[in-house]
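The sequence and the model are shown first.

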Amino acid sequence: MKGIYQDIVNEIQSLITSGEDKQARSRILEELNMPYIPQDVEAKLNELLDKVGIPESGRVQLSDEQVEAWLLGNNPQRQVAALNQLQKANLRNYTELIQQVFDTHHDLTMESLLISMMIEQQINESFHLTRDGLDIEFVPAALEYPLESEGVIKAVELLREWYENDNPSFLNLCLDILAKECYLMLPMAVDEEDSLDLCLAVVHYVYQANGAEDEFKCFIAEKELAQTYSYELLLNKHDI
């Protein structure tokens, strides 16, 4: 590394040493956005970026090349920043990249975020992804919003019937878990016949999280619900 590039790296390192992480981060991203930088300099800048980190808000301005590299990479913090930028972009310009993410990562959280963003923008192109060995083809514009399917509406009704009057705080926890599960299911939706089993799995999840397995057994007995449901939450299956 020579000349001006060494001066740039020295400047950034000085900012970091002085505790000026925000300015250092801005300077790093400015250089990474340049049309060309030598590979050794790019590697050093990325090393420094990892040191200062990315704000939790992910509010950094990335080039399209960085969005692609960060999405397809394995740094969760960078992936979040890239996803945050895509959320404000026209996703019709990124359909090939999104399909590449589906082909590369097989990450439920990232897949669900991208699909929900495409539903919001009514992207009318066909995508495919692999889920549990099955190849699923879907068009985001044709999908229901995750919480608007008949199955989810029925599930919410059941949870409200069970807890709205007696334990509203527990109900809110259940509704939060239900929403997370439904987003993870994308591009699939909840069938109405699965509503009861899904509700029981959600309730069980919340009781377990609170160390109250015995209370769940009492609930099953009180409601006269046979403890034979076989619905496995994706939250549990993938340890999310």
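## Packing of H10 and H11

In this predicted model, H10 and helix H11 (residues 213–222) pack with their axes 8 Å apart and at an angle of about 150°. Angles over 145 degrees count as roughly antiparallel, so H10 is roughly antiparallel to H11. The crossing in which H10 passes H11 is right-handed.

On the H10 side, the residues that meet H11 are Leu 200, Val 203, His 204, Tyr 207 and Gln 208. Their partners in H11 are Glu 213, Glu 215, Phe 216, Phe 219 and Ile 220. By class, this contact of H10 with H11 comprises six nonpolar, two polar and two charged residues.

## Packing of H8 and H10

H10 (residues 195–209) also packs with helix H8 (residues 150–163), here at an angle of about 50° and with the axes 9 Å apart. H8 is therefore oblique to H10. H8 passes H10 in a crossing that is right-handed.

H8 contributes Gly 151, Lys 154, Ala 155, Leu 158, Leu 159, Trp 162 and Tyr 163 to the contact. From H10 come Ser 195, Leu 196, Cys 199, Leu 200, Val 203 and Tyr 207. Ten nonpolar, two polar and one charged residues make up the contact of H8 with H10.

Leu 200, Val 203 and Tyr 207 of H10 are listed in the contact with H8 and also in the contact with H11.

## The largest pocket

The volume of the largest pocket is about 410 Å³. It is lined by 15 residues, of which Asp 132, Met 185, Met 188, Tyr 231 and Leu 234 are the closest to its centre.

Strand E2 (134–138), helix H9 (168–185) and helix H12 (234–237) each supply at least two residues of this lining. By class, the lining of the largest pocket has eight nonpolar and seven charged residues, with no polar ones.

## Backbone features

Most residues other than glycine have a negative phi, and most peptide bonds are trans. Two places in the model are described here against that background.

Leu 186 and Pro 187 are joined by a cis peptide bond, with omega about 10°. Pro 187 lies in the loop between H9 and H10.

Gln 122, a residue other than glycine, has a positive phi, near 55°. Gln 122 is placed in the loop between helix H7 (108–120) and strand E1 (127–131).

Terms used. Residues numbered from 1 in each chain as written. Predicted model: local features only at pLDDT ≥ 70, side-chain atom pairs only at ≥ 80, totals over all residues. Heavy atoms only, no water. Axes fitted to C-alpha atoms, helices over the stretch in contact; angles between N-to-C directions. Helix = DSSP H or I, 4+ residues; strand = E, 2+ residues; numbered from the N terminus. Parallel < 35°, antiparallel > 145°, perpendicular 65-115°, else oblique. Left-handed = near helix turned anticlockwise from the far one by under 90°. Contact = heavy atoms within 4.5 Å. Nonpolar A, V, L, I, M, F, W, Y, C, P; charged D, E, K, R; others polar. 1 Å grid on protein atoms, 1.4 Å probe; cavity = no way out; pocket = protein on both sides within 12 Å on 5 of 7 lines; lining within 4 Å. Points joined across faces, edges and corners; volume = space filled by probe spheres on them.
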